[in-house]
Amino acid sequence: MAGDLAAYEVLVTRYSAVAHRTAALLGAGDEAEDVVQEAFVRAFRYLSGFRRDAAFKPWLLRIVANLTHDLTRSRGRRNDLVLKIGVEPETRVPDDPEGVAIAGDRRARLLEAVRALPERERQAVVCRYFLQLSEAETAEVLGWPLGSVKSRTFRGLARLRKEVGHELS
């Protein structure tokens with residue numbers, strides 16, 4: 001990849017959407033696009049330090065997660081997570097107005113509960129279930145040991161079940 005702009009353009013095209021979702025779900029909100037642009041600039045700048053035997057996606061998403069963390073910390077609004085409606089695909093689309101309203105209400109309550117999770121549990125749940133990363137990828141993206149990913153995901157899901165589990169069944 002040493003300076004191959006065409007190859008880097010392929011990587012940008014391939015990973016832009018997931019990088020944007022990561023930034024948005026981890027709290028960048030309206031500034032997700034800026035975070036993603038900065039992440040790709042940093043990734044290109046430090047590409048010489050990238051291990052060729054490693055996967056690019058977790059490395060890039062770790063940069064996105066770190067930039068998003070820096071952004072939310074500097075803004076002083078850690079818990080101000082902006083989630084985009086419709087991130088998770090609907091498994092069944094209700095065809096009646098009442099069903100649409102109920103599905104929208106359930107989604108809103110779930111997203112509100114995810115926003116209310118402690119930061120580390122929220123990050124683990126977002127990476128695992130909203131971004132559909134494996135435990136190993138989540139560990140790499142967030143820079144945590146695998147055991148921390150498992151325990152924080154478990155605790156986050158337990159809180160979500162307690163908060164909204166009965167409403168979503």
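Phe40 is buried in this predicted model, with a relative accessible area of 7%; buried here means under 20% relative accessible area, exposed means over 50%, and partly exposed covers the range in between (1.4 Å probe, protein chains only). Tyr8 likewise counts as buried, at 7% relative accessibility. The two rings have their centres 6.4 Å apart and their planes at 80 degrees, so Tyr8 and Phe40 make an edge-to-face pair. For such pairs, the rings of Phe, Tyr and Trp (its six-membered ring) must have centres within 6.5 Å; planes under 30 degrees apart count as stacked, over 60 as edge-to-face and the rest as tilted. Because Tyr8 lies in helix H1 and Phe40 in helix H2, this pair ties together parts that are 32 residues apart in sequence. Helices (H or I, at least four residues) and strands (E, at least two) are DSSP runs, numbered from the N terminus.

By the ring rule, the count comes to 6 aromatic pairs. Phe50 and Trp59 form a tilted one, with 4.8 Å from centre to centre and 45 degrees between the planes. Both Phe50 and Trp59 are buried. These two residues also belong to one aromatic cluster, which is formed by Tyr15, Phe50, Phe56 and Trp59.

Residues are numbered from 1 along each chain as its sequence is written, and side-chain values use heavy atoms, with hydrogens and water left out. As this is a predicted model, local features need pLDDT of at least 70 and side-chain atom pairs count only at pLDDT 80 or more, while totals for chains, interfaces and linings use all residues.

Turning to the chain as a whole, there are 7 helices and 0 strands, and the pattern read along the sequence is α-α-α-α-α-α-α. Of the 169 residues in the chain, 40% are buried. The chain exposes about 9800 Å², and 51% of that comes from carbon and sulfur atoms; accessible areas come from the Shrake-Rupley method with a 1.4 Å probe, and for residues only the protein chains shown count as cover. Among contacts between residues at least 6 apart in sequence, 68% join residues at least 24 apart, where contact means heavy atoms within 4.5 Å.

The largest nonpolar core holds 46 residues, and Phe56 and Leu60 touch the most other members. A nonpolar core is a set of buried Ala, Val, Leu, Ile, Met, Phe, Trp, Tyr and Cys residues joined through side-chain atoms within 4.5 Å. At least two residues of this core are supplied by each of H1 (5–28), H2 (32–45), H3 (56–75), H4 (97–116), H5 (119–130), H6 (135–142) and H7 (146–168). H1 gives the largest share, 10 residues. The core also draws at least three residues from each of domain 1 (1–94) and domain 2 (103–168), with domain bounds taken from an automatic or database domain assignment. Leaving aside neighbours within four places in sequence, Leu60 is in contact with Tyr15, Ala19, Ala39, Phe40 and Ala43.

Thr22 lies in helix H1 and is buried, with a relative accessible area of 0%. Beyond its neighbours within four places in sequence, Thr22 is in contact with Leu61, Val64 and Leu131. Leu71, in helix H3, is buried as well, with a relative accessible area of 16%. Leu71 and Ala28 are 43 residues apart in sequence, yet 6.9 Å apart in space, C-alpha to C-alpha. In helix H5, Gln123 counts as buried at 9% relative accessibility.

The loop between H5 and H6 contains Gln132, which has a positive phi of about 55 degrees although it is not a glycine. Gln132 counts as exposed, at 62% relative accessibility. In H6 itself, the buried residues are Thr138, Ala139, Val141 and Leu142. They cover an arc of only 165 degrees around the axis, which puts them on the same side of H6; the arc is that of the directions from the helix axis to the C-beta atoms. Just after H6, Gly143 takes a positive phi of about 70 degrees.
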